[in-house]
Amino acid sequence: QREGLPPMRIAVNLSARQFAHDGLLADIATALDETGLVPSGLELEITESMVMQNPERAVVTLTRLREMGISVSIDDFGTGYSSLGYLKRFPVDNVKVDRSFIKDLPHDQDDAAITRAVIAMAQSLRMRVIAEGVETREQLNFLHEHGCDECQGYYLSRPLPAGEFALLVRS
């Protein structure tokens with residue numbers, strides 16, 4: 001932000017311990033205040049198993065995060081044991097398709113079917129879909145053709161130091 005880069009979201013993984021911590025919301029508010037990051041610039045990533053440990057409490061926490069203006073993603077979607085009934089109750093913005101379903105696209109028909117189904121289901125629930133682990137043009141094309149909203153992975157960029165990241169965004 002200080003360098004004049006366009007607004008973007010920063011995704012932060014939460015551990016199960018952090019998500020269950022009573023002071024989570026206060027800690028996040030403090031971090032936003034101290035850094036000057038606007039709430040819409042923060043995306044918190046949680047796993048299916050984290051919200052399934054205590055679904056009722058998860059709904060309350062996720063609702064409060066949404067009220068704060070923070071985006072929430074279900075990370076590694078499809079690898080846990082969630083109930084689709086609960087998924088529709090969780091106020092989340094994004095579903096991140098686990099890389100294990102992406103790595104053999106478009107050749108593995110089972111992975112292709114699962115990925116298409118997750119994209120359709122999530123979008124029907126008004127959630128955005130992010131594919132993790134995109135490493136080839138073929139994978140990117142498949143995901144684009146089937147309406148995936150965002151992709152991340154080495155095909156797009158390897159992790160970069162801050163200065164190189166700024167150059168990439170500017171270009």
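Trainee: How much space lies in the second largest pocket?
Mentor: Keep in mind that this is a predicted model. The space in the second largest pocket comes to about 510 Å³.

Trainee: Which residues lie closest to the centre of that second largest pocket?
Mentor: The second largest pocket is lined by 16 residues. Five of them are closest to its centre: Gln-1, Arg-2, Met-8, Ile-10 and Leu-37.

Trainee: Which residues lie nearest the centre of the largest pocket?
Mentor: The largest pocket holds about 1100 Å³ of space. Its lining counts 28 residues. Nearest the centre are Arg-9, Cys-151, Gln-152, Gly-153 and Phe-165.

Trainee: Which element gives the most to the lining of the largest pocket?
Mentor: The elements that supply two or more residues are E1, E2, E6 and helix H9 (162-170). The top contribution is four residues. It comes from E1.

Trainee: In E2, which residue stands opposite Val-12?
Mentor: E1 and E2 pair in the parallel sense, over four bridges. Within E2, Val-12 faces Leu-44.

Trainee: Which residue in E3 is the bridge partner of Thr-47?
Mentor: Strand E2 (residues 42-47) pairs in parallel with strand E3 (residues 71-77) over five bridges. Glu-43 has Ser-71 in E3 as its bridge partner. For Thr-47, the partner in E3 is Asp-75.

Trainee: How many of the six residues of E2 are buried?
Mentor: E2 is largely enclosed by the rest of the structure, because most of its residues are buried. Out of six, the buried number is five.

Trainee: Does Lys-96 count as buried or exposed?
Mentor: Lys-96 sits in strand E4 (residues 94-97). Its relative accessibility is 2%. Buried means under 20%. So Lys-96 counts as buried.

Trainee: With which side chain does the side chain of Lys-96 make a polar contact?
Mentor: Set aside neighbours within four places in sequence. The contacts of Lys-96 then include Glu-43, Glu-45, Asp-75, Asp-76, Glu-132 and Gln-152. The side-chain polar contact spans 3.0 Å, and the partner is Gln-152.

Trainee: Is Gly-147 buried, partly exposed or exposed?
Mentor: Gly-147 lies in the loop between helix H8 (137-145) and E6. Its relative accessibility is 29%.

Trainee: How far apart in space are Gly-147 and Ile-119, C-alpha to C-alpha?
Mentor: Beyond four places in sequence, Gly-147 touches Ile-119 and Gln-123. Gly-147 and Ile-119 are 28 residues apart in sequence. In space, their C-alpha to C-alpha separation is 7.1 Å.

Key. Residues numbered from 1 in each chain as written. Predicted model: local features only at pLDDT ≥ 70, side-chain atom pairs only at ≥ 80, totals over all residues. Heavy atoms only, no water. Pairing = 2+ DSSP bridges. 1 Å grid on protein atoms, 1.4 Å probe; cavity = no way out; pocket = protein on both sides within 12 Å on 5 of 7 lines; lining within 4 Å. Points joined across faces, edges and corners; volume = space filled by probe spheres on them. Buried < 20%, exposed > 50% of the residue type's maximum accessible area, 1.4 Å probe, protein only. Polar contact = N/O pair within 3.5 Å; in protein donor to acceptor, adjacent residues only side chain to side chain. Contact = heavy atoms within 4.5 Å.
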